[in-house]
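Please consult the sequence and the structure while reading.

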Amino acid sequence: MPDLPAVKTALAAQRIETPSWAYGNSGTRFKVFAQAGVPRDPWEKLQDAGRVHAFTGVAPTVSLHIPWDKVDDYAALAKYADDHGLKLGAINSNTFQDDDYKLGSICHPDAAVRRKAVDHLLECVDIMDATGSRDLKLWFADGTNYPGQDDIRERQDRLAEGLAEVYARLGEDQRMLLEYKFFEPAFYATDVPDWGTAYAHCLKLGEKAQVVVDTGHHAPGTNIEFIVATLLRERKLGGFDFNSRFYADDDLMVGAADPFQLFRIMYEVIRGGGLTSDVAFMLDQCHNIEAKIPAIIRSVMNVQEATAKALLVDRDALAVAQRDGDVLEANAVIMDAYNTDVRPLLAEVREESGLAPDPIAAYRSSGWQQHITAERVGGTQAGWGA
């Protein structure tokens, strides 16, 4: 049976990074919906992130997105984060919101455009130096819409060349996390479409290059936990972008569409030692119709619940059933853990850490939402592109 004190210790030590952009306005491809009290700048995003950490106790870092979170003084922003009990986490680049990138960025056929894209990535490393961030997270919208539009192999060569230049700029304790997405926005061929492509580039680059798995970036039916297990086995899993989707890449709250999948993923993370390694557990979500801060708190709680259930898997009993070829018993061990109500356990963990047992209720009674609704009047709310 699992050691309950060890399970509680692991849950208390878990860390989940929240994304700055999730605190801003977002929407569908047709409309961005505004909400009262939404941050107007990175400083106010950090205020809200501080509230999430205060009520969950496990969200002490915040991912930034450049240029959406561009400021004049990144050291000052890092200090401001520290004042709110936070640290600045991964720096996310943006090579998809510029007219020059219509035909791609780092894979573009024009050397001048590729130079612009690489210079932006190098700027992001400079920002990492100023903020103390460890991870540079790269996602490229690069691809082609039509057969023959560009040379597929040459685009891979350009990608490798650009990544190599940025990799060489990384500091000793910094990492490059390469994300993949099997389609969108390119209709014909995407330049980093799967974990194998990302893995191949990271393997060639070196130890500081690792793959990041976005849980929404896979074809229906893809066994994401197999990908996670394989990358952990190869020591090339750098992190997650946790979200959920019912169709394509919806960026819904993690665990919303398939909580059982999230549990299975977290079991493989634990099985492969990822919970105690340098794997970064990050949210990548947009909250279009739900209130921002409670949605992020709920997302953190969803990851905690999946982790708690995965920690409760009786691995000794599972190993016996697997060795005996007892298919039904092996599945029963997994299902027993998944069907366990872990909410009381997590409430205990929070109370033992000096937190309220129900983070959502604690936030709602804190008055923070009413405060920011009254305080953040005027100016331009943050959202896509700001």
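**Terms and the values behind them**

Q: Why is Trp43 called partly exposed?
A: Trp43 has a relative accessible area of 28%. Buried would require under 20% and exposed over 50%, so Trp43 falls in between and is partly exposed. This value, like the others here, is computed from a predicted model.

Q: What makes the pair of Trp43 and Tyr80 edge-to-face?
A: The ring centres of Trp43 and Tyr80 lie 5.3 Å apart, and a pair requires centres within 6.5 Å. Their planes stand at 80 degrees; because planes over 60 degrees apart count as edge-to-face, the pair receives that name. Trp43 belongs to helix H2 and Tyr80 to helix H3, so the pair ties together parts that are 37 residues apart in sequence.

Q: Why is the pair of Phe263 and Tyr338 called tilted?
A: The planes of Phe263 and Tyr338 are 50 degrees apart. Stacked requires under 30 degrees and edge-to-face over 60, so this pair counts as tilted. The distance from centre to centre is 5.2 Å. Phe263 lies in helix H8 and Tyr338 in helix H11, so the pair ties together parts that are 75 residues apart in sequence. Both Phe263 and Tyr338 are buried.

Q: How do you know that the charged end of Lys309 sits near enough to the ring of Tyr338 to count as over the ring?
A: The charged end of Lys309 is 4.5 Å from the centre of the Tyr338 ring, and the limit for such a placement is within 6 Å. The charged end of Arg51 likewise sits over the ring of Trp368, at 5.7 Å from its centre.

Q: How do you know that the buried residues of helix H3 are on the same side?
A: The buried residues of H3 are Tyr74, Leu77, Ala78 and Ala81. They cover an arc of only 100 degrees around the axis, which puts them on the same side of H3. In general, an α-helix has 3.6 residues a turn, so residues three or four places apart point the same way. The buried residues of H3 pack against helix H2, strand S4, strand S5 and helix H4.

Q: What makes Asp73 a cap of H3?
A: A side-chain oxygen of Asp73 lies 3.1 Å from the backbone nitrogen of Ala75.

Q: How do you know that the radius of gyration agrees with that of a compact globule?
A: For 386 residues, a compact globule would have a radius of gyration near 21 Å; the protein has 21 Å, so the values agree.

Methods:
Residues are numbered from 1 along each chain as its sequence is written. This is a predicted model: local features need pLDDT of at least 70, side-chain atom pairs count only at pLDDT 80 or more; totals for chains, interfaces and linings use all residues. Side-chain values use heavy atoms; hydrogens and water are left out. Buried means under 20% relative accessible area, exposed over 50%, partly exposed in between (1.4 Å probe, protein chains only). Helices (H or I, at least four residues) and strands (E, at least two) are DSSP runs, numbered from the N terminus. The arc is that of the directions from the helix axis to the C-beta atoms. Contact means heavy atoms within 4.5 Å. A polar contact is a pair of N or O atoms within 3.5 Å; within protein, one must be able to donate a hydrogen and the other to accept it, and residues adjacent in sequence count only if both atoms are side-chain atoms. Rings of Phe, Tyr and Trp (its six-membered ring) pair if their centres lie within 6.5 Å; planes under 30 degrees apart count as stacked, over 60 as edge-to-face and the rest as tilted. A charge sits over a ring if NZ of Lys or CZ of Arg is within 6 Å of the ring centre and within 35 degrees of the ring normal. The radius of gyration is taken over C-alpha atoms; the globule rule is 2.2 Å times the number of residues to the power 0.38.
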